[in-house]
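This report covers a helix contact, the confidence of the prediction and an aromatic pair. Please look over the sequence and structure before reading on.

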Number of protein chains: 2
Amino acid sequence: MRRRGPVTNSEGLVEQALGGNLRALSRLATRLENDPDSTEAIVSKLFPRTGRAHVVGVTGAPGVGKSSVLDGLAREITSRGKSIAVVAVDPSSPRTGGATLGDRIRMSESALDPNVYVRSLASRDRHDGLAPAVADLAMLFDAAGYDYVAIETVGAGQDQLEVADLVHTTVLVQIPGTGDSVQLLKAGAMEIADIYVVNKSDLPGARRVSRDLRSTLSLVMQDEGVWDTPIVLTSRPEGTGFGKLLDAIDRHYSFLEDRGMLADRRARIARSELRRAVERRIRLNDSVNASLVEELVRGIADRAVTPDEAAQRLLERAVQDVERR
Amino acid sequence: MRRRGPVTNSEGLVEQALGGNLRALSRLATRLENDPDSTEAIVSKLFPRTGRAHVVGVTGAPGVGKSSVLDGLAREITSRGKSIAVVAVDPSSPRTGGATLGDRIRMSESALDPNVYVRSLASRDRHDGLAPAVADLAMLFDAAGYDYVAIETVGAGQDQLEVADLVHTTVLVQIPGTGDSVQLLKAGAMEIADIYVVNKSDLPGARRVSRDLRSTLSLVMQDEGVWDTPIVLTSRPEGTGFGKLLDAIDRHYSFLEDRGMLADRRARIARSELRRAVERRIRLNDSVNASLVEELVRGIADRAVTPDEAAQRLLERAVQDVERR
């Protein structure tokens, strides 16, 4: 058995990772994913260095080729001398395992480029929404100096909305032949998409999807008529559309900046960061307060304490935990 | 214009409602639904009186006739000299509006019985999971002395799991001709259902659905083989199956008691009550701390404060809020 090297403290790892050490970056990402207890220390170090990347959500149903869109986008970004890090949320569902693996392999081609960094994250519990580590990893790559940070996630309703709370720009990927835009409208997807991609546009019906989207958009975007949501056709085999997509992404950021709307998006992201930090602080499921939580849960079940009294005790403990440090 | 009467304080309303005053019960329910600021005071009063009702979740896709199942069940319950209160979560989607209205009307027939109380709750934001008021209303009816409290909700994945955290027994309603049990399995519904109902069993295919469920269950329930999940066929027009359903519901409660598993379910419910109370306490979106939250959100967006520092300040305020009272 090989002995593992000494455990580097998080502070040291952050220094190294932000200094450009990819191995340290990778270890830090692993720590953020697997060791919630160290998240606060790491995030507090990273946080002052964040806020420079353009954070982009790429969402869409399984099978639409989100990874190949990101691959094409990554090549376009690097060809312009910029860098991108991708946080990819893998659905752990065995049904899509094959396709996902294929996506990963395609994506890994561009991952040989030092200006592209891809980090896959297992979505362990599909009922639980987006893993908290997704936002933490996006923060890590932002702090590490990547120009773009993309969050790739399956376009299930809840996830999609959560992603919109973490990014400046949301890209919704579709393909020809998978339902019409009215379904998107019903699913609430249209409210959050800043850019549409019709991928696999070499397949028949791509123009029809695009026209359908355009006409539905024109119905929906009455008062919001400020940002003219672009619809971009992409095809990985033909290598088309990715320049236009990157242009649209850049244009959206400029638009937000010019209209003074970037501050709103930043506030929305900040609000979700605050919420996450509060949840972290409460540590309802955490080992530190496990015995207190168990005691309180028993007390509630036995009607010895009301839920609100119990909540108060848990909050007091959460506040004291920090003051004691 | 008619002047409204003096506002009764929550304490007075609770006294009256628990004393059997249906009008006070109804006003209290409205207050729990619409006035989150008063929830804590009401719940603290109610809580010591709760824990006696058998709380049952009734879930299933739109159109399977959850309300008519509850109607049949309510008649059976009252015929045995017991009482039931129903918290019905209405999907606000216009697509199912018609059917839901029809269900309401059918349900209201039995609502003329004083031992049946039905409270419909609008599900305002379908992306947000179950409204917190659902659990609060269940608590109210439990404290008011109803023998059974049923929570009727649309069987969307997230909702279904949330309901399972609030109840002792989960009933999953299906009808012939709507997909096979493998789909249920995939959706995670099989893990939470304690009793299956095949409603509209007068329609062709009911026996097949039942057999299909039975064989899938026998595959799934390997180590859990303790509770033999019943499958009950019901039909509102023919008035059949509701006695068996109530028997199954009662048997499940006895089973939990006998095996010492009721304590686990109670702890699970208590845990979700604690979580809700913590969320209430934080009041991230609440008017009381709105200016502090806005200040903190701005601070985070500007990188003047880390999310964890901001969370700490918010928690300190939440603790002080209570101590100051």
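H2 spans residues 22–34 of chain A and H6 spans residues 132–143 of chain A. Their axes come within 9 Å and cross at roughly 160°. Angles over 145 degrees count as roughly antiparallel, so H2(A) is roughly antiparallel to H6(A).

On the H2(A) side, the contact involves A:Leu25, A:Leu28, A:Ala29, A:Leu32 and A:Glu33. These meet A:Ala133, A:Asp136, A:Leu137, A:Leu140 and A:Phe141 in H6(A). By type, the residues of this contact are eight nonpolar and two charged, with no polar ones.

## Confidence of the prediction

The complex has an ipTM of 0.76 and a pTM of 0.69 from the predictor. For chain A the mean pLDDT is 81, and 77% of its residues reach 70 or more.

The pLDDT is below 50 over residues 92–106 of chain A. Beyond near neighbours in sequence, that stretch has 16 contacts in the model.

## Aromatic pairs

Over all chains, the structure holds eight aromatic pairs. One of them is formed by A:Tyr117 and A:Tyr146. The pair is tilted, with 6.4 Å centre to centre and 45° between the planes.

This pair links distant parts of the chain, 29 residues apart. A:Tyr117 lies in strand S3 (residues 116–123) of chain A, while A:Tyr146 is in the loop between H6 and strand S4 (148–154) of chain A.

Technical notes
Residues numbered from 1 in each chain as written. Chains lettered and ligands numbered in written order. Predicted model: local features only at pLDDT ≥ 70, side-chain atom pairs only at ≥ 80, totals over all residues. Heavy atoms only, no water. Axes fitted to C-alpha atoms, helices over the stretch in contact; angles between N-to-C directions. Helix = DSSP H or I, 4+ residues; strand = E, 2+ residues; numbered from the N terminus. Parallel < 35°, antiparallel > 145°, perpendicular 65-115°, else oblique. Contact = heavy atoms within 4.5 Å. Nonpolar A, V, L, I, M, F, W, Y, C, P; charged D, E, K, R; others polar. pLDDT = per-residue confidence, 0-100. Phe/Tyr/Trp six-rings, centres within 6.5 Å; stacked < 30°, edge-to-face > 60°.
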